[in-house]
Amino acid sequence: MYTIETYGKFDSAHFLKDYEGKCANIHGHRWEVKVSVSTETLEEEGPYRGMVIDFSLLKDILRKETKRLDHSLIIEEGSLKEKTLEALNEEGFRIITFPFRPTAENFAHHFYTYLKEAGYDVTKVTVSETPNNKASYEERAH
């Protein structure tokens, strides 16, 4: 099995609604995303001969999503009162809403799905909130 990995990162703020602890407050992270793509065989012809895929193609699609999330407030849908959301928008803050709680676990699944839908044979995605706190998502073979 051949595996290549690439990394991306973005800075953003989030909070965990209904959490009992410090993470219930708005705080930021430098999120790091590690993507693994695997295959049994390498490309045999064309410009990608001898490769799993071109690193630059994988990095470009990953960068597209990390750039979208960079320097934003990421929130779970319905986690802020409408008046609060309106006030933040009036102030010009960039807010990105997801249908899931913005945890490292859910971001790992998000990036996995995002890259799979883009056509990549992703085997694992790991998202780090801090150098010591990481969460991964990978599908198990049946």
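Is His71 buried or exposed? With a relative accessible area of 59%, His71 is exposed, where exposed means over 50% relative accessible area, buried under 20%, and partly exposed in between (1.4 Å probe, protein chains only). The structure is a predicted model, in which local features need pLDDT of at least 70 and side-chain atom pairs count only at pLDDT 80 or more, while totals for chains, interfaces and linings use all residues. Residues are numbered from 1 along each chain as its sequence is written, and side-chain values use heavy atoms, with hydrogens and water left out.

His71 is found in the loop between α1 and β3 (72-76); helices (H or I, at least four residues) and strands (E, at least two) are DSSP runs numbered from the N terminus. The phi of His71 is near 50°, a positive value in a residue other than glycine. Asp18, also not a glycine, has a positive phi of about 65°. Most residues other than glycine have a negative phi. Asp18 lies in the loop between β1 and β2 and counts as exposed, at 68% relative accessibility.

Four salt bridges are present in the structure, a salt bridge being a side-chain nitrogen of Lys or Arg within 4 Å of a carboxyl oxygen of Asp or Glu. One of them joins the side chains of Glu5 and Lys34 at 3.8 Å, N to O. Glu5 belongs to strand β1 (residues 2-14) and Lys34 to strand β2 (residues 27-39), so this pair ties together parts that are 29 residues apart in sequence. Glu5 is partly exposed at 36% relative accessibility, and Lys34 is partly exposed with a relative accessible area of 26%.

Helix α1 (residues 55-69) contains both Asp60 and Arg63, three residues apart, about one turn of the helix. Their side chains meet in a salt bridge of 3.1 Å, N to O. Asp60 counts as partly exposed at 44% relative accessibility, as does Arg63 at 45%. Arg68 and Glu65 also both lie in helix α1, three residues apart, about one turn of the helix. In the salt bridge between Arg68 and Glu65, the closest N and O atoms are 2.9 Å apart. Here Arg68 counts as partly exposed at 36% relative accessibility, whereas Glu65 counts as buried at 5%.

Surface patches were assigned from residues with over 30% relative accessible area and no salt bridge, like charges being joined within 9 Å and nonpolar side chains (Val, Leu, Ile, Met, Phe, Trp, Tyr) within 5 Å. Accessible areas come from the Shrake-Rupley method with a 1.4 Å probe; for residues, only the protein chains shown count as cover. A nonpolar patch on the surface is formed by Tyr48, Met51 and Leu57, with about 220 Å² of accessible area together. Met51 is found in the loop between β2 and α1 and is partly exposed, with a relative accessible area of 31%.

A patch of negative charge on the surface gathers Glu82, Glu86, Glu90 and Glu91. Lys and Arg count as positive and Asp and Glu as negative, with His and the chain ends not counted; the place of a charge is taken as NZ of Lys, CZ of Arg, CG of Asp or CD of Glu. Within this patch, Glu91 lies in the loop between α2 (82-90) and β4 (95-98). Glu91 is exposed, with a relative accessible area of 62%.
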